[in-house]
Amino acid sequence: MNIIDFLKNKLTIIGVLCLLSIMGHAQRYAAALSPTESRETFQLNADFDIEPFITEPDVLSPVDIAFDARGNIYVVEMGDYPYDAKPGNYKGRIRMLRDTDGDGKVDKSFVFAEDLPSATSVLPWEGGILVTAAPDILYLKDTDGDSKADEREVIFTGFFDKNSEAQVTNLRFGPDNWIYANNHGQRGLVSYKRKPETPAIDVSGGNFRFRLDRDLFQSESGVGQFGLAVDDWGHRFYSQNTLHIQQAPIAWRYAHRHEYLPSYRVDVNISDHEREMFQKSPTPHWREVRSARRQANYDSLGLDRKEYARDYFSGASGGTFYGGDGFPESYYGAVFTGDVSGNLVHRDVLSSDPDQPAFVASRDDREKEQEFLTSTDPWFRPANFYTGPDGYLYLVDMYRQHIETPVSIPEDLKEDMDFANGEQYGRIWRIFPKNGPKREVVLPNLAEKESAELVTLLTHPNQWWRLTAHRLLLERQDNSILPLLNKTLNESTMAQARLLALYSIEGQNALAADHVKKALSDVEPGVREHALMLAEKYPQFLPEIIKLTDDASPQVAYQASLSLGQFSSQEVLPVLARIAEKKAEDNFYRMAVLSSKPGASAEMLETMADGGTFFKNASPGKMKLIEEFAYITGSRNGKNEIKALLEVLLANEESWQTAGLNGLANGIKRSQHKGETDKATVKALQKLEKGASVAVKKAIEDVRQALAI
């Protein structure tokens, strides 16, 4: 055999090996399907059907959708995903879908805006749109009618912009006139460009909210990732990869009334079915291998830990409140969440638990062992949802071969993975009920309606129409419709309309005590809840607030407890003390009391100790409250406060003493107000030590070390 024949044979063998390798890789990760083929893989709740609404090439890598008030549809395309956006090569885009021939159907797709860094969310506002594109929140508007944004304004800047899965996103207009956004607790010093003289705020540890009509912006409680559901009453429920539905029952402005709490963590997993899901798609090769490796490592270390490769939420995304009128009535108020890793759509039914301020998210009886929608197509990525003006649910399908961020996958497993494969695809699906006549797509033009007509739409059965009308009224500032709003507040039989009328009046700067008084006695808990927030500006309503701390609705009673702490009059302390005793077992009630200035004051401790029953019957919750109160006392280190606490502990049993001293020591260690310890405190510790148990003596020693005495 000559050298040429040898090389030919060698190259043939190499070619065959390469072909086999490629075939193996092709079998390892499935190829993309057409929309029709992918539709055939869906297993959907038997009450519904699904159809493609818009697909590639008219949308690519979609992650959000919104219908504006002029019949336009905006779609956010996240072409940068899963990589960090690169300056000079930003791939984020906004598509505008329009009906150009007046037949009521979308027939044209325009690139409304491009070259956006990590665009993730869109919200119609003042004839244009607000867009989250970390590190910014932008305002984009077409002023010349060519379906392209020629006005681009940075409204806020300073948000975290490194990990595309953890950036500011999910803009939602709430019934209270605030716009909310998830921030996943990421660090960022956020400034408001319209008022550069306004101090920037640190948004670390929370989400975000703002009002452009009042030039206000604040941190908000919660660490939502991608998915924010806001119900008719403004309660927020948010998604995180492995925890598909969470809630923060206490708002940031209450939790952060002072800086001395031992913890500001407020997120609660409200699911009663933990992380399990019913996946139908195959487990990706990389996940199988990675999970096996992790499990082997846990086993070698003797850890009692289980690594799951499938059937557990790991890519929960797009939690959305369904507020439409196109589904059967029993579906109203459900929260739909996708799991982009499990290729499925999960539905939660929310209910109020009389024993706690947080809601409970449960599976519907018909979905105890199945999901609302599953697919065997591993490219199906249900990233987000939207309730349309037609009352149907729109599903945003990013449609990618791989959805996970590369940093989470071992290097050797990434060799045959193309994380950009699928950026040429994108689907938005439309889910509708099987029974009854199928509705056409609705592209309403509310912008042309008179303000009086918009007021009537506050009673529409579809949340999209109500909130869009409400937003337009806020933008217009048309005081001529105040009589109609007052009539709606006083006479409408629809509770959602009464709440929106209340806030439309507030948005017109026309809110008066009579409006609040009316709302405080509303039959709907959600209206009473908001009336309490508004009543905080009216001292004359303190008796009504105190009364509502015993409301039958757990959300109203909890809000009343929070609002109560905004007042400093003497009648507040006995009520807070009663709440502390009655609700001590609930962490959020303890926070409601202790986050308030009167509830964390030395006078509060005296109120609980003098003539009350708080210390007569010990319980884990009461012990925890005293420990947390003592922590605040130590951290604040106010004059004579530690001595007063020690005297109360001296008058009670050992268990109270241990709890209080442990909290006190930890608070002093964190205190920024350390100084020379007064003699009265030293003597009080000596007195407490006489005849004390070993546990109490140890706790006393910890306090002394913290005080450096």
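The exercises below work through confidence, strands, a helix and aromatic rings in a predicted model.

Residues are numbered from 1 along each chain as its sequence is written, and side-chain values use heavy atoms, with hydrogens and water left out. Because the model is predicted, local features need pLDDT of at least 70 and side-chain atom pairs count only at pLDDT 80 or more, while totals for chains, interfaces and linings use all residues.

**Exercise 1. State the mean pLDDT of the protein chain, and find where pLDDT stays under 50.**

Step 1. pLDDT is the predictor's confidence in each residue, from 0 to 100. Its mean over the protein chain is 94, and 96% of the residues reach 70 or more.

Step 2. Over residues 10-24 the value stays under 50. For this stretch the model has zero contacts beyond four places in sequence, a contact being heavy atoms within 4.5 Å.

Step 3. Where pLDDT is low, the predicted coordinates should not be read in detail.

**Exercise 2. Describe strand β12 and the strands it pairs with.**

Step 1. Helices (H or I, at least four residues) and strands (E, at least two) are DSSP runs, numbered from the N terminus. Two strands pair if DSSP finds at least two bridges between them.

Step 2. β12 covers residues 179-182. Ile179 and Ala181 point one way, Tyr180 and Asn182 the other way, and all are buried. Buried means under 20% relative accessible area, exposed over 50%, and partly exposed in between (1.4 Å probe, protein chains only).

Step 3. Strand β11 (residues 169-173) pairs with β12 in the antiparallel sense over three bridges, and Phe173 stands opposite Ile179. The two strands form a hairpin with five residues between them. In the turn, Asn177 has a positive phi of about 80°.

Step 4. Strand β15 (residues 207-211) also runs antiparallel to β12, joined by three bridges. Here Ala181 stands opposite Phe208.

**Exercise 3. Give the strand order of the open sheet of four strands.**

Step 1. The order is β3-β4-β5-β6, with antiparallel pairing.

Step 2. β3 (62-67) and β6 (108-116) are the edge strands, each pairing on one side only. The twist averages 20° from one strand to the next.

Step 3. Strand β4 (residues 73-78) and strand β5 (residues 92-98) are joined by six bridges.

**Exercise 4. Explain why helix α12 is described as largely enclosed.**

Step 1. α12 spans residues 554-564. Among its buried residues are Pro554, Gln555, Tyr558 and Leu564.

**Exercise 5. Classify two aromatic pairs, then find charges over rings.**

Step 1. Rings of Phe, Tyr and Trp (its six-membered ring) pair if their centres lie within 6.5 Å; planes under 30 degrees apart count as stacked, over 60 as edge-to-face and the rest as tilted. The whole structure has 35 aromatic pairs.

Step 2. Phe327 and Tyr331 have ring centres 6.2 Å apart and planes at 90°, so they are edge-to-face. Both are buried.

Step 3. For Trp464 and Trp465 the centres are 5.5 Å apart and the planes at 80°, so this pair is edge-to-face. Trp464 counts as buried at 6% relative accessibility, and Trp465 at 13%.

Step 4. Phe327 and Tyr331 belong to one aromatic cluster, together with Phe48, Tyr322, Phe336 and Phe372.

Step 5. A charge sits over a ring if NZ of Lys or CZ of Arg is within 6 Å of the ring centre and within 35 degrees of the ring normal. The charged end of Arg209 sits over the ring of Trp178, 3.6 Å from its centre. Lys622 lies over the face of Phe614, at 5.3 Å from the ring centre.

Technical notes. Axes are lines fitted to C-alpha atoms, for helices over the stretch in contact, and angles run from 0 to 180 degrees between N-to-C directions.
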